[in-house]
Each structure stands twice: as C-alpha cells, then as structure tokens.
Amino acid sequence: MDFDLTPEQSLLKDSVGRLMADHYGFEKRTSFIASPDGFSREMWRRYAELGILGLPFAEADGGFGGGAVETMIVLEAMGRALAIEPYLASVVLAGGALRHGGSAKQRASLVPALARGDMILAFAHAERDARYDLAHVATRARRDGAGWVIDGEKTLVLHGDAADRLVVSARIGGDVGGADGIALFLVEGDAPGLSRRAYPTQDAMRAAEVTLASVRVPDDALIGAPGAAFPIVRRVAEDAIAALAAEAVGAMAELTALTVEYLKTRRQFGVPIGSFQVLQHRASEMLIAEEQARSMAMFATMMAESEDDAARARAMAAAKVQIGRSGRFVSQQAIQLHGGIGMTMEYKAGHYMKRLQMIDLMLGDADHHVRALARAGGLFGDAA
Amino acid sequence: MDLRFTPEELAFRDEVRHFMRASLPAPIRKKMVEGRHLEKDDIVRWQRILNAKGWAVTHWPAERGGQDWTPVQQYIFQDELQQAPAPAPLPFGVSMVGPVIIAFGSEAQKRRFLPRIANLDDWWCQGFSEPGAGSDLASLKTAAKRDGEHYIVNGQKIWTTMAQHADWIFCLVRTNTQGKKQEGITFLLIDMRSKGITVRPIVTIDGGAEVNEVFFDDVKVPVENRVGAENKGWDYAKFLLGNERTGIARVGYSKERIRRIRELASLTRDGGRPLIEDERFREKLASLEIELKALEMTQLRVVAAERTRDPKKPDPYSSMLKIKGAEIQQAVSELMLEIVGPYALPYAPDTEGANEPPVGPDWAAPIAPTYFNWRKISIYGGSNEIQKNIIAKAILGL
C-alpha cells in the first residue's frame with residue numbers, strides 16, 4: 001500500500017496545476033463565463049495539448065491510458081480553479097460510456113477527435129421524475145428497419161448545448177424504473193428531431209433540456225448490447241462520483257486556504273481576526289472536513305477500478321456522502337468566516353460554495369447515498 | 001498510488017490475525033467484547049504473551065526489542081490487535097515512557113527499565129496533570145528540589161490512570177520557577193514504593209475508579225532517575241504527547257464495536273422486529289461507518305507520511321486523528337446506548353465474581369457506564385479543543 005504518485009503522475013499533477021495557475025485566474029474565469037459558449041474554447045485546446053482530454057482512454061483507441069488516479073489528479077486541479085469546461089460531461093460521463101460500453105469501432109472513430117479537442121460529448125440520461133434513480137428511463141427507442149427511432153425528453157444534460165454528439169439512454173423494453181431494457185445511443189447534435197434548450201447552472205456551467213422527437217439513428221449508434229446498458233450507466237455514474245469527489249476536494253482545499261488567508265489579513269479590534277480562538281477552531285474543523293473528504297476521494301479512486309460491483313457501489317455511496325457533508329460544512333464555514341465579503345458575487349468564496357453544493361445534488365445527495373448504503377447492509381458488511 | 005495491501009502485507013495480516021485468534025485468552029477476549037472491566041492480571045498476562053512473541057513493543061527500535069516493520073506493517077498489527085479485540089500493551093510504559101527513555105534516557109536507564117516495560121514487570125503510570133495544570137500543562141507546580149544526589153519532590157498529580165497498580169510513575173516536576181514556565185520542567189522516574197507517596201482513588205461518573213490522585217510528600221528521588229537534562233523535561237513531554245501518532249484514533253477498536261453494534265441490534269426488538277432492520281438506525285450506523293472509513297484512510301495517509309518525517313517531531317496531523325477518533329468512539333457509545341434502551345437503567349457494579357443475575361439482557365450492564373466513561377476520550381491526551389488549537393497553529397499558521 002502506498003499513497004505515492006508515480007513520476008509520470010507527479011509530472012501530470014505539476015503540469016495541470018501550472019496550466020490552471022497560469023491561465024485560470026478568477027478574472028479570466030469570469031470572462032469565460034461571459035463568453036458565447038459559456039466556457040473557454042481556448043482552455044479546451046490547452047487541455048487537449050496537455051493530453052488530458054484523452055487521458056482515461058486506452059492508447060489503442062487514441063487515448064493516453066490513464067487510470068482513476070490520473071482522473072483524480074486532473075479533477076482536483078479543476079476543482080481548485082473552479083474550471084467550467086465540459087470535462088466531466090464529455091470525458092468522464094459520455095466518454096465513460098464509450099470506455100465501458102463502446103465497440104472498438106466506436107472508440108476508434110470518436111476517441112481521437114475527443115482527445116484532440118475537436119469533439120465535445122454530453123451524456124443525456126436524466127429525466128424529469130428520475131431524481132436520483134439511474135434506472136428511471138422513460139425515453140423510448142424502437143426498431144425501424146436497420147436503425148432505431150428515439151422519442152423522449154432528457155433533462156439537466158450537462159453541457160448539452162455545446163455537445164457535438166450526445167450519448168442518449170432510451171428504453172427498448174421493460175418498465176420505467178427497471179434495470180432491464182435500457183439502451184445507449186450515440187446521437188448527432190444536429191440530428192433532425194433533436195432540439196435543445198440551453199441554460200446556465202448555479203455553478204456557472206451550462207446544461208440543456210433535450211427533446212427527441214422521432215430521432216433516427218443507425219444501428220451502429222448503439223453502445224453495448226441492446227437493452228443491457230444499465231450496468232454501463234451505473235459504472236459511468238460511479239466513475240463520475242469518484243471524479244466529482246476529487247473535484248470537490250480541490251475546491252475545498254482552495255476554499256479552506258482562501259479562508260485561512262483571510263483570517264490572517266482581516267483586522268478587527270486592532271488584531272487579525274484569526275487570533276480569535278472561536279474562529280481558529282472553525283478553521284481547524286474545516287481542515288478536518290477537507291481531509292476526511294480527501295481520504296474518501298482517494299478511497300473512491302481506488303475502488304473505481306475494482307471489479308467487485310457491490311463493493312464498488314458501496315464505496316462510491318460512502319464517498320458521495322462524505323464529500324456532500326464535508327463540502328457543505330466547509331463552504332458554510334467559509335462564507336461565515338468571511339462575513340459580508342463572502343456574500344458577494346465578485347469574491348471567489350461564494351463560487352466555491354455554489355459548485356460544492358451542486359456537486360452534492362448531482363448523482364445522489366448525501367441523504368440519498370446514506371440510505372442506499374444502509375439498504376445495502378452498510379459499508380463494512382460482515383468483513384469490516 | 002495503490003491503496004491495496006501488497007501480497008506480502010496481506011500475508012503479514014493473516015499471520016497477525018492467526019496469532020491473535022490462537023493466543024488471546026478466551027476470558028480476556030470475552031471481557032473485551034462485552035465491554036467489561038479488565039483486571040491487572042488480564043493486562044499483564046496478555047502483554048507477556050505478546051512479549052514472548054516479540055510483539056509487545058513492536059514500534060521500538062529493533063536493538064531494544066522492537067520489530068523492524070514498515071509503518072504499514074505496524075498499522076496492520078495494531079489494527080488486527082484492536083479488532084481481535086485484544087488489550088493494547090500498557091501504553092504508559094510501551095508508548096509513553098519507553099520511547100522517551102529510548103530517545104533521551106541514559107544507557108543505564110535503558111538497560112534497567114526497557115526490558116521490564118516490555119514484559120510488564122513494571123507497571124508505569126503517568127504523572128503529568130495537576131489540579132491547577134490541565135490543558136495548561138506547563139503551569140505545573142509539583143516541585144523537585146536538588147539535595148545532593150537526590151531530588152526532594154513535593155506536590156500533587158491528578159487523573160493518574162491505574163496508579164493503584166503502578167510500580168513506577170513518570171513525572172513532570174518543576175525544578176526552576178524563574179523565566180519561561182516551559183523551561184523549568186524536569187522529567188523524573190519515581191518508584192511508587194518511595195516513602196511519602198499516597199494514592200487516592202477518584203470515582204468517575206460511570207462508577208469506576210481507574211483514575212487517582214497521587215500525593216508527593218518529601219519523596220526522595222535519586223538523580224540517576226532523571227531523564228535527560230534538568231529543565232528540559234518539556235521537550236520530552238512534547239515528544240511523548242505527539243508520539244502516539246497512530247494508535248490514538250483507535251480505528252480497529254471502533255471497527256470491532258461496529259460489528260458488536262450489528263450483533264446487539266439484531267438481538268434487540270423494536271416495534272416487533274430487530275432494531276437492525278429499522279431504516280433510521282441503519283442510516284445512523286452507515287453514517288458512522290463512513291466517518292470511520294474516512295478516518296482509517298486519513299490514518300493510513302499519516303502512517304505513510306511517517307517514512308519521510310523527522311521521528312522526533314510530533315506530527316500535527318495526529319491531532320486530527322485524535323479529534324475524529326474521539327468523536328467516532330463517543331458516537332459508537334451513543335449508538336450502543338440507543339440499542340440497550342431502557343435496560344441501560346439498572347446499575348450493577350462491574351466486579352469480578354458478582355453472582356447477582358442480570359436485569360434485562362446479559363450484555364446490557366456495561367453499556368451505560370461505558371457511555372459515561374467514554375466522555376473522557378475527548379478530554380484526555382490533550383482535549384479536542386487543545387487539538388484544534390494545535391491544528392490552527394501548527395498546520396494553518398493562525
């Protein structure tokens with residue numbers, strides 16, 4: 001057992017960290033948000049140059065053969081910078097569907113473009129009444145000659161507006177809420193019958209409501225075996241939880257550091273407010289919450305590559321609970337310790353709070369996952 | 001980064017686990033599982049079994065009887081011992097005064113005391129806290145005046161755990177009242193059979209009497225029983241307090257307690273069905289497991305960092321382990337209390353050979369006392385508030 005990064009991983013960490021430090025200041029970020037795409041195409045190109053857009057994909061497919069640790073390194077850096085590019089949507093979620101379910105032909109045709117930054121993908125899975133139920137798919141796909149016809153409505157599709165292609169889940173059999181009968185399809189962003197209503201999110205990213213009205217796709221648009229895609233969806237969600245955990249840890253680390261710095265510089269009653277014990281203890285508690293979250297993000301990273309489905313699911317649930325709770329604690333304390341300045345849009349702290357809170361509410365909040373874990377017999381089970 | 005144990009580490013874990021199963025005497029294990037009071041003889045007997053195997057002082061240097069294990073192996077050993085669940089080797093000797101003597105003691109002290117600590121031939125207790133010196137330990141007043149080849153010690157120590165069993169006490173005493181209070185403290189080893197020592201038990205809210213007051217009235221201590229230099233005791237005390245880096249979180253014991261919670265919650269019926277089937281209870285337990293898993297990972301990270309740290313300097317991250325470990329153990333004791341419910345009420349003193357039949361389930365009696373007793377965990381060894389001060393200062397730079 002060791003916590004050391006390999007020399008290659010250390011190099012990756014340094015170069016992503018430097019990229020974000022050099023090009024992702026808070027002012028820059030504000031200008032990226034205001035740009036027409038709502039994120040930086042320039043940064044997207046830089047990510048491609050650094051190799052992180054193709055990071056988790058096999059080298060044979062045109063990727064860089066990185067694992068969960070590499071993804072953790074990148075997402076933590078993005079969390080620190082509050083990056084708003086569609087990395088999670090394109091590389092982790094939709095890209096994950098390709099990795100876990102795509103055919104060699106599909107991967108060969110898409111991964112190189114994705115890695116070069118020439119193509120953005122999105123994962124159109126969630127639906128209106130699904131809340132956190134991954135099997136709640138009411139969108140239908142039916143056979144039509146040599147292809148399929150998809151009808152339905154997808155919601156909260158992260159970066160669905162920017163996506164050149166979408167990975168869409170649809171039901172070809174079974175009942176809504178059932179694991180059987182779910183299929184995944186690659187759909188062109190400009191496919192006739194597909195419409196998107198885009199909007200900004202609380203955390204300054206983008207999302208879209210996607211309507212599919214008799215959208216026709218060829219047979220080779222199918223990812224995985226027809227009707228058996230639920231394990232892929234679940235695996236993608238688990239990868240995304242591990243990635244979000246790393247991102248949240250990056251955000252918490254920066255937010256704690258920002259707050260501690262403020263405590264040292266802000267003076268009241270003639271002294272730095274960080275000299276007051278009640279505030280020191282809050283800051284210490286923030287650090288503990290951050291470190292506990294970091295530990296669980298590492299645990300999730302390790303378990304993301306486990307082939308034990310039940311153990312992996314339990315680990316991801318546990319990690320999501322921890323980052324949800326730690327993230328809320330750290331961000332609330334940060335705003336409180338900053339006082340009025342923490343409430344303003346022009347200051348960074350509140351933006352971390354917004355991202356951390358949205359992370360909690362994605363893919364199941366802390367309460368959802370603690371319930372799931374309790375129903376699954378707990379984290380330790382009989383084995384401790 | 002690979003957080004799995006290597007095949008060698010797994011083999012080592014199996015070896016330790018097998019030893020614990022084969023060697024931990026059943027009556028001791030039973031008391032541990034049931035949360036009952038251990039007698040002095042239980043603790044001595046078990047430590048001598050460990051010592052015969054060479055495992056009583058594993059973290060000491062090999063030439064002093066320790067094991068040349070990696071930090072991960074040390075962690076695995078401790079985790080398996082705690083999960084057995086077995087008593088820890090007496091910490092006052094093995095984890096506190098032993099490492100201080102190794103680091104700062106004379107060769108004669110090492111030869112005289114270390115083997116007897118390992119075999120628990122000498123039972124040590126800790127003379128740090130005083131009525132006026134708790135969190136502000138450096139304000140201690142127990143005085144040692146030099147008189148030829150002796151110090152004459154006068155004063156009082158308090159909260160001295162198991163002083164009633166002790167052969168020796170290691171003490172912080174004041175040898176200089178001028179200048180900074182930290183710079184007038186000396187570290188003395190005192191024979192508990194010395195003339196002028198009185199031990200008075202303190203009954204705690206659980207009804208037990210594991211802590212004591214120790215009074216010193218013109219106690220003569222040979223100068224050769226001073227550790228290191230006069231007036232340098234504060235440095236040794238800081239070393240001692242930061243030394244028990246990894247054991248303090250007691251993760252293995254909490255894992256074992258969570259198994260016990262599952263077991264007892266399965267035996268307890270609530271609304272006609274086992275309490276363990278109650279969704280709210282299960283969610284509380286799951287939340288606790290998550291906290292514990294996070295702590296375990298945090299602890300492993302601290303363990304892994306030991307390789308590259310100065311072993312003579314305390315790691316401020318151990319304060320984090322202390323705080324979370326205390327919170328989790330106290331949460332465990334609350335959940336146990338919730339399970340036992342109304343049968344927490346009867347008070348039955350935990351004395352060996354009591355023949356009264358239990359009121360309610362036979363496992364009920366120790367639970368409420370343990371809950372009361374475990375409030376100490378966030379107080380001893382530097383209260384959780386002191387630990388937060390340490391984090392604020394040493395890590396955050398506030």
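Setting aside neighbours within four places in sequence, Ala245(A) is in contact with Met296(A), Ala297(A), Ala300(A), Ala319(A) and Ile323(A). These contacts come from a predicted model.

The largest nonpolar core has 237 residues. Those with the most contacts inside this core include Ala245(A), Met296(A), Ala297(A), Ala300(A) and Ala319(A). Val167(A) and Phe185(A) are on that list too. Helix 7 of chain A, residues 230-265, gives the core its largest share, 21 residues.

Now step back to chain A as a whole. Chain A has eleven helices and ten strands. Its radius of gyration is 21 Å, close to the 21 Å that the globule rule gives for 384 residues, so chain A is as compact as a globular protein of that length. Along the principal axes, the C-alpha atoms of chain A fill a box of roughly 80 × 50 × 40 Å. Of the 384 residues, 53% count as buried. Among contacts in chain A with a separation of 6 or more, 74% join residues 24 or more positions apart.

Of the 398 residues of chain B, 44% count as buried. For contacts in chain B with a separation of 6 or more, residues 24 or more positions apart account for 72%.

Next comes the meeting of the two chains. Here 38 residues of chain B are in contact with 34 residues of chain A. On the chain B side, helix 4 (71-83), helix 8 (251-267), helix 9, helix 10 (317-340) and helix 12 (384-395) each supply at least two residues. Helix 9 of chain B supplies the largest share, 15 residues. By class, the side of chain B that touches chain A has 19 nonpolar, five polar and 14 charged residues.

Follow helix 9 of chain B to one of its partners. Two packed helices are described by the angle between their axes and the distance between the axes. From helix 8 of chain A come Glu291(A), Gln292(A), Ser295(A), Met296(A), Met298(A) and Phe299(A). They meet Lys293(B), Ala294(B), Met297(B), Thr298(B) and Arg301(B) in helix 9 of chain B. This helix contact has five nonpolar, three polar and three charged residues.

In helix 11 of chain A, residues 366-375, the buried residues are Ala366(A), His369(A), Val370(A), Ala372(A), Leu373(A) and Ala374(A). Their cover includes helix 9 (309-338) and helix 10 (348-361) of chain A, together with helix 9 of chain B. Just after helix 11 of chain A, Gly377(A) takes a positive phi of about 95°.

How values were computed:
Residues numbered from 1 in each chain as written. Chains lettered and ligands numbered in written order. Predicted model: local features only at pLDDT ≥ 70, side-chain atom pairs only at ≥ 80, totals over all residues. Core = buried A, V, L, I, M, F, W, Y, C linked by C-beta atoms within 7 Å. Buried ≥ 20, exposed ≤ 12 C-beta atoms within 10 Å, placed from the backbone. Helix = DSSP H or I, 4+ residues; strand = E, 2+ residues; numbered from the N terminus. Contact = placed C-beta atoms within 7 Å. Nonpolar A, V, L, I, M, F, W, Y, C, P; charged D, E, K, R; others polar. Rg over C-alpha atoms; globule rule 2.2 N^0.38 Å.
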